Every structure is written in structure tokens, then in C-alpha cells.
Amino acid sequence: MSHNEAKEHTPGRLNELFSDPYQAFENDTDERQLHIRIMLHMLLARPMKRGQMTLRVIHGWENGGCEPEDLQHVDCNLGGVPDFKRAVQDFEHASKHNTPLPADKSAILAAPLADAIAGAEAEGQNLSNDIRDTPARWPAFEGGLALYTLFKMYHRLIYGEDDTYRCTQCMTPLGMREIHEFHLEEGEFALLVPAAEHFMNEPCLLVLHESQLGPIEQLLEESLPLFDNF
């Protein structure tokens with residue numbers, strides 16, 4: 001795969017579970033709810049119990065905006081549903097008291113983008129002045145493909161997507177990850193997980209927009225306990 005190509009709509013861990021994961025979560029699919037619960041158990045609950053899951057809540061883009069510096073996030077350890085509930089409470093408290101939403105100081109896209117552009121220019125690459133504002137052109141420099149892939153993921157999680165499910169492979173700050181995106185009636189989120197050979201030992205990430213905290217809290221409460229006695 002060259003740095004100008006995105007590896008999207010690829011097979012991933014869910015192909016080991018379902019004959020066609022791209023149809024498994026469609027509204028008219030038989031056993032859809034079972035598919036959702038199996039997916040959550042395998043991709044979320046098991047890494048969570050091993051202490052390998054981080055919750056990332058994004059916010060900041062509004063009304064069609066997508067400037068890298070405006071996208072904010074907060075990361076927190078996710079060891080179980082109680083940790084998720086604490087994140088929900090933190091955001092509800094900020095909204096209720098009209099205080100800033102929780103956010104880490106590090107810029108999730110803007111700082112890595114600036115570093116990548118600076119690195120490319122230091123290597124002698126001649127980049128146009130407007131490349132920073134044109135995400136589709138980021139793959140032109142080293143590290144830009146990963147940033148563009150993550151940018152598209154964040155954009156879809158905030159502004160919506162027609163595809164119920166997609167799997168993308170991408171190099172991330174955690175290393176190579178499968179990005180499993182879900183745009184369901186129950187909520188929208190993404191799970192970034194290692195490939196099979198590293199799944200038991202490397203960290204994972206659950207990403208969602210702050211507007212999805214309530215729906216996903218309900219989904220986790222209803223789904224995760226079902227496998228506790230199996």
C-alpha cells in the first residue's frame with residue numbers, strides 16, 4: 001500500500017465472526033441485535049476487561065465546520081460501564097453549568113498535522129500554502145494518509161454516514177489499527193483495534209462524539225451484561 005492509497009472497506013476481525021459484516025448490522029438483517037452484542041463483546045468488552053480500552057470523546061466541530069484546530073477531545077481509561085458513566089456525568093455537568101466541555105490540552109489533529117507538514121518541508125518537499133486546509137491532499141506528505149483517514153472518521157462520527165458499517169486499516173499513534181465504524185440506530189461510534197496477532201496485548205480505542213454519550217451508555221448497559229454468565 002503506497003502512502004497515497006487508503007485501505008478502506010477491508011476485511012477485519014469481524015470477518016472471523018460473520019460471513020458478511022457489511023450486512024450484519026443493517027436494519028433488515030436477521031439476528032441484527034445478536035450481531036451487535038457479539039461485536040461489542042469481542043471488540044469492546046474483552047479488551048476493556050483486560051485494561052486495554054481507552055474512551056475518546058470528541059467535540060468542537062459544529063455547523064459543518066471541520067478546521068483541525070477546532071476539534072477537541074478527552075481521553076479516559078475505560079475499564080467498565082462505570083467509567084463510561086463517569087464520562088457521561090462529566091459532560092452533563094459541564095453542559096448543565098455552562099462550563100467548557102472536558103478536553104485534553106493536546107490537539108488531536110492540529111498538532112500532528114503541523115508536525116507532519118514541518119517534517120515534510122524540512123526534508124525539502126515543496127508543499128502549497130493551502131495544503132493544511134485541504135485534507136484530501138494530506139496524503140501527499142509522510143504521515144498525511146493517517147491524518148486524512150482519521151479526519152474522515154471524526155467527520156463521519158460528527159456529521160453522520162450512510163454506511164452502517166465500514167472497516168479501514170490505518171497507521172495511528174498506537175500503531176497499525178483496524179478502524180471499525182458503526183453508524184447504527186442505537187448510536188454512532190468507532191473502535192480502533194489491533195490486528196489478530198496483536199489483539200491480546202495492544203491498546204484499543206473507543207471513539208464517539210459527545211452527543212452520542214447517552215445513546216451508547218444505554219447500548220452498553222443493555223448489551224455488555226448479556227455475556228457475563230457465558
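User: Which residues does threonine 10 touch, not counting residues up to four places away in sequence?
Analyst: In this predicted model, threonine 10 touches Tyr22, Cys167, Thr168 and Gln169, where contact means heavy atoms within 4.5 Å. Residues are numbered from 1 along each chain as its sequence is written, and side-chain values use heavy atoms, without hydrogens and water. Because the model is predicted, local features need pLDDT of at least 70 and side-chain atom pairs count only at pLDDT 80 or more, whereas totals for chains, interfaces and linings use all residues.

User: Why is threonine 10 called buried?
Analyst: Its relative accessible area is 9%. Buried means under 20%, exposed over 50%, and partly exposed in between (1.4 Å probe, protein chains only), so threonine 10 counts as buried. Threonine 10 is found in the loop between β1 (7-8) and α1 (21-24); helices (H or I, at least four residues) and strands (E, at least two) are DSSP runs numbered from the N terminus.

User: Is aspartate 104 buried, partly exposed or exposed, and what makes it so?
Analyst: Aspartate 104 has 28% relative accessibility, so it counts as partly exposed. This residue is found in the loop between α3 and α4 (110-122). Aspartate 104 touches His73, Val74 and Asp75, leaving out residues up to four places away in sequence.

User: What makes glutamate 202 partly exposed?
Analyst: The relative accessible area of glutamate 202 is 25%, so it is partly exposed. Glutamate 202 sits in the loop between β6 and β7, and touches Gln52, Arg177 and Pro194, again not counting residues up to four places away in sequence. From glutamate 202 to glycine 51 there are 151 residues in sequence and 10.0 Å in space, C-alpha to C-alpha.

User: What makes a set of residues a nonpolar core, and how many residues has the largest one here?
Analyst: A nonpolar core is a set of buried Ala, Val, Leu, Ile, Met, Phe, Trp, Tyr and Cys residues joined through side-chain atoms within 4.5 Å. The largest here has 36 residues, and those with the most contacts inside it are Phe25, Met39, Phe84, Phe189, Leu191 and Leu206. Elements giving two or more residues to this core include α2 (32-49), α3 (81-96) and α6 (213-223). The most comes from α2, with 7 residues. Apart from this core lies another, of 28 residues, among them Leu113, Ala116, Leu127 and Ile158.

User: Why is α3 called roughly antiparallel to α6?
Analyst: Their axes are 10 Å apart and the packing angle is about 160°. Axes are lines fitted to C-alpha atoms, for helices over the stretch in contact, with angles from 0 to 180 degrees between N-to-C directions. Under 35 degrees counts as roughly parallel, over 145 as roughly antiparallel, 65 to 115 as roughly perpendicular, and the rest as oblique. The angle therefore makes α3 roughly antiparallel to α6. The contact of α3 with α6 holds 8 nonpolar, no polar and 3 charged residues.

User: How is α2 oriented to α6, and why is it described that way?
Analyst: The axes of α2 and α6 cross at roughly 95° and come within 10 Å. That angle makes α2 roughly perpendicular to α6. Ile36, Arg37, Leu40 and Leu44 in α2 meet Leu219, Leu220, Glu222 and Ser223 in α6.

Methods. Ala, Val, Leu, Ile, Met, Phe, Trp, Tyr, Cys and Pro count as nonpolar, Asp, Glu, Lys and Arg as charged, and the others, Gly among them, as polar.
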